[in-house]
Amino acid sequence: MTHGMRTDTHSSYLNGGGSLRDTASRYALLPLRIFLGVTFVYAGLDHLTDSAFMKASGAGSIGETMRAVRDSSAIPALVDLALKSPVGFGYAIALGELAVGIGTLIGLLSRLAALGGALISLSLWLTVSWSTDPYYFGNDLPYLMAWLPLVLAGAPVFSLDALLRARRRRGSYA
């Protein structure tokens, strides 16, 4: 008697099985990867091309945004650090978003890209959206949680990481 153990058999994904369940499991993270990759590429490009954003002061600027959230953030010292060079910080965020998005979309260093996305989302949650009440109205915390499965699993399909991994395996048998 098995008491709660599954006794049905189906091919495992690891054994190259091709059942619908295995196929769904294999591709489960792909929609999340595409969504996060496209979103971060868009955000990075939007920030880089928004002349108002890349200024130390003025409506819509990174500097004004940081000053507005400084007293309500979880880590005011992090905001103070950004305020030492708001334009530099704006470029760092925008280029980081772009790199994370591209890495996620093409699946190159995908775990590292996902970690970068998680860190960007964490820093935005602790600064910009920390005071959002209730917390679930802010979008940075859900983005942080969305990055975590990709940090853990990487990009196992349709990725340069998978291609390089397969090439290394073929090369080691030659």
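This report covers the charged side chains of a predicted model and their salt bridges.

## Ground rules

Residue numbers start at 1 in each chain and follow the sequence as written. Because the model is predicted, local features need pLDDT of at least 70 and side-chain atom pairs count only at pLDDT 80 or more, while totals for chains, interfaces and linings use all residues; side-chain values use heavy atoms, without hydrogens or water.

## How many salt bridges?

A salt bridge here is a side-chain nitrogen of Lys or Arg within 4 Å of a carboxyl oxygen of Asp or Glu. The count comes to three salt bridges. Side chains of opposite charge can pair when their charged atoms come close.

## The R70 network

R70, D71 and D80 are linked in a network of salt bridges. R70 pairs with D71, with the closest N and O atoms 3.2 Å apart. R70 also meets D80 in a salt bridge of 2.8 Å, N to O. R70 lies in the loop between helix 3 and helix 4 (76-84), while D80 is in helix 4, so this pair ties together parts that are 10 residues apart in sequence. Helices are DSSP runs of H or I with at least four residues, numbered from the N terminus.

How open are these side chains? D71 is exposed, at 68%. R70 is partly exposed, at 27%. D80 is partly exposed too, at 30%.

## A pair within helix 3

E64 forms a salt bridge with R67. Their closest N and O atoms are 3.7 Å apart. The two residues sit three apart in helix 3 (residues 62-69), so about one helical turn separates them. E64 is partly exposed, with a relative accessible area of 36%. R67 is partly exposed as well, at 38%.

D22 is in helix 1 (residues 20-27). What does the side chain of D22 contact? The side chains of D22 and S19 are joined by a polar contact of 3.1 Å. Such a contact is a pair of N or O atoms within 3.5 Å; within protein, one must be able to donate a hydrogen and the other to accept it, and residues adjacent in sequence count only if both atoms are side-chain atoms.

D22 is buried yet has no salt bridge. The nearest side chain of opposite charge is R21, 6.4 Å away. For charge, Lys and Arg count as positive and Asp and Glu as negative, with His and the chain ends not counted.

How values were computed. Buried < 20%, exposed > 50% of the residue type's maximum accessible area, 1.4 Å probe, protein only.
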